[in-house]
Every structure is written in C-alpha cells, then in structure tokens.
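Subject: Structure handover

Hello,

Here is the structure I promised you.

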Amino acid sequence: MSGNGNSLSHLDSDGRARMVDVGDKAITARTATATGRFITTPAVIALVRADGLPKADVLATARIAGISGAKKTSELIPLCHQVPLSSVSIDFSFTDDSILVSATAKTIGQTGVEMEALTAVAIAGLTLHDMVKAVDPTAELGEIRLESKTGGKRGHWTRHGGSAPVRLRPGTAAVVVASTGGAAGMREDTTGPVIADWLAGHGFAVDAVTVVADADIATELGRVVASAPAVIITTGGTGLSPTDRTPEATRALLDRELPGVAEAIRARGLAATPTAALSRAVAGTANGTVVVNLPGSTGGVRDGLAVLEGLLEHLVAQIAGGGAHG
C-alpha cells in the first residue's frame, strides 16, 4: 500500500511501524499485475524451453511456487494484511537471454493485492534460479516492479499512465437480491424483476439482477459497487435472522449514509405492518453510487419503491451536481 503525499502509510506519527487500519475502506474488486526479469544464458533459455534441465518441469514448478508465495505474502511481509485471493495467474515469456515473469493477483476486499503480485513474481523468479543454478550460477533476478492495479478509490493505475479514478456510469443501475433459497434454485425470485422494471421505467439501464446467498452478499455488493453504476438497489437480508447481513455489507461500502431515506422506507412500511420497524436497512452513497436496501418481501419492495418515486432521480442529480441542494 502506497502512502499519501509525502507520508509513509506504514509509519505512525512517531515514526513507528504499524499495520494500516483498512476497516473503513470500501470492499471492491481489486487486481494487480507485477513483472520481473530472470537473466541467464542463451544456452539455459534453450534448455528451459526444451525442458532439458536435470530438474525438469522448470516453468511448471516456478508457476506453482509463485502462486504459493502470493498466498503466503502476509506471513513473509510483516505489515501486509491477510487477503482472500480469488485468483493468481503467472505467465512466462522469453528473450534470447532472459525470462520475463508476469503475475496477476485478484481479490474482492478492503485492501489491494500489489504485494501479492510482487511476491508471486519474486518467488517464481527465485524458483527459476534454484532450477538452473547447477547450469548457470551467475543468473540474475531483477527488475521486479508493479505494472498496474485496479480497485479502491484510486481506480485504475498503470506504471506509464498514472491513476485514473473510477468513473461513475450515469443512467445505469443494478439490482442485488440476497436470498439463500433463491440462489440455490429452491425459491423463485419475485422481487428483483419488480425493482428492475421500476428502474427501467424511470430511465435507468439495468446492468443485471443478481441473486446471491446471504453469506455472499458482501462479495457481490463489492463487485457491483466496483462496476460504478449510478444506483444499486438491494432486496432481502435486512431482518434479524442470523444470516441477514445486507445492512452490514452495505455500511462497510458507504462513504456517506442517507438515514432519512432508510427511515422513510421504514415509516412507509409501518403504515401497513408493525414488523416493518424491525428492518435494519440502510441507504447511502459509495464513491458516488446511490445504494438503497429494501426488505425481501414484495410488499416491502413496493413500499420502498413508493418512497423512491421522485426522490431517487433528485438524489442522483444532486450527486452529479445538477440537483437542488437539500
């Protein structure tokens, strides 16, 4: 993780090493690609390409080692966070006297995977060194560097192009349904299509309606927020069941809450049923995207959409800078 301005993020105000607190950072899809160069002799390159060294399967062994190294990054580098890697890929390309190692690491979480990609390159390169040292003890591993990363507030960064912030996609929306039974195909989703039709009727192009188990809501919300639609409406998982986690997953992504919207939806539901008071739904913005939780019942969805009638478009316009100030 890089520092802000001229400060080092891993040092506190007294200059002591610390692990950065990422608890308030957004859960987003994050990717990093790193490269390194293993320099040896043309004869060794020919042997590797022909798999003719005494230690065979050179590239396969280096690839597995690099993946293993990425998974152990937090154990090797003391201030790195434990990151739930969704994938690590390692590729090799050749020149006459070198092997270029490229590693890409991916996750959905609150911190990036730059160190995991860099570690993968380093371990894969060191494994190449171990495999060829009997033939070329003078081989060198170097030029290990980060090439690109995506996710988080800085958006997309490349070595030569710098940072580009995540751009909100005006006029787009997504619907996320939290339903363990629906995700397993045991229950028909009757709420997602209703929300999607309502959004389309209000001029939004709906990316998709995704149905996920309650246990997967945080991961799915992080993925959808990273795609930067103007609006995300969720349904389900807002009650008091042990598996209901939608409000927690949403709040972890928000940079600003909109308590009035959530309270208005609850008040609308109370007019029909006292149990609406038990809803823990939240609303707010995440990097400019409006995120609103609705209950999982068809009645609760109807009540929520009635509150959003006229309000949502005004809110989206205000965030874009074109609405009246409240």
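Two strands count as paired if DSSP finds at least two bridges between them. Strands here are DSSP runs of E with at least two residues, helices are runs of H or I with at least four, and both are numbered from the N terminus.

Before the findings, two points on the source. This is a predicted model, in which local features need pLDDT of at least 70 and side-chain atom pairs count only at pLDDT 80 or more, while totals for chains, interfaces and linings use all residues. Residues are numbered from 1 along each chain as its sequence is written, and side-chain values use heavy atoms, with hydrogens and water left out.

**Overall**

The protein has 11 helices and 12 strands. Of its 326 residues, 43% are buried. Buried means under 20% relative accessible area, exposed means over 50%, and partly exposed lies in between (1.4 Å probe, protein chains only). The protein exposes about 16,100 Å², and carbon and sulfur atoms supply 55% of that area. Accessible areas come from the Shrake-Rupley method with a 1.4 Å probe; for residues, only the protein chains shown count as cover.

Now the contacts, meaning heavy atoms within 4.5 Å. Take those with a separation of 6 or more: residues 24 or more positions apart account for 72% of them.

β10 runs antiparallel to β11, joined by two bridges. Glu257 has Gly284 in β11 as its bridge partner.

The loop between β11 and β12 (289-294) holds Asn287. Its phi is near 55°, a positive value in a residue other than glycine. Asn287 is partly exposed, with a relative accessible area of 38%.

β2 (residues 85-94) and β3 (residues 98-109) pair in the antiparallel sense over nine bridges. They form a hairpin with three residues between them. Ser87 stands opposite Lys106 in β3.

β3 also pairs with β1, antiparallel, over 12 bridges. There, Gly36 has Val101 in β3 as its bridge partner. On to β4: eight bridges join it to β1, and the two run antiparallel. Thr31 stands opposite Thr150 in β4.

Strand β4 (residues 140-150) also contains Glu143. The phi of Glu143 is near 55°, again a positive value in a residue other than glycine.

**Helix α7**

What is buried in helix α7 (residues 217-226)? The buried residues are Ile217, Glu220, Leu221, Gly222, Val224 and Val225. They pack against β1 (28-39), β7, β8 (205-212), β9 (229-235), α8 (246-251) and β11 (283-286). Just after α7, Ala228 takes a positive phi of about 60°.

**Ile67**

Ile67 lies in helix α2 (residues 58-71). Its relative accessibility is 28%, so Ile67 counts as partly exposed. Leaving out residues up to four places away in sequence, Ile67 touches Val88 and Ile90. Ile67 and Ala124 are 57 residues apart in sequence, and their C-alpha atoms are 8.0 Å apart in space.

**The second largest pocket**

The terms first. On a 1 Å grid over the protein atoms alone, a pocket is an open set of points with protein on both sides within 12 Å along at least five of seven lines; lining residues have an atom within 4 Å of a point. Grid points are joined across faces, edges and corners, and a volume is the space filled by probe spheres (1.4 Å probe) set on the points.

The second largest pocket has a volume of about 520 Å³. Its lining has 34 residues, and Gly236, Thr238, Pro295, Gly296 and Ser297 lie nearest its centre. The elements giving two or more residues to this lining are β7 (169-178), α5 (180-183), α9 (259-270) and α10 (298-308). α9 supplies the largest share, four residues.

By class, the lining has nine nonpolar, 19 polar and six charged residues. Ala, Val, Leu, Ile, Met, Phe, Trp, Tyr, Cys and Pro count as nonpolar; Asp, Glu, Lys and Arg count as charged; the others, Gly among them, count as polar.

Best wishes
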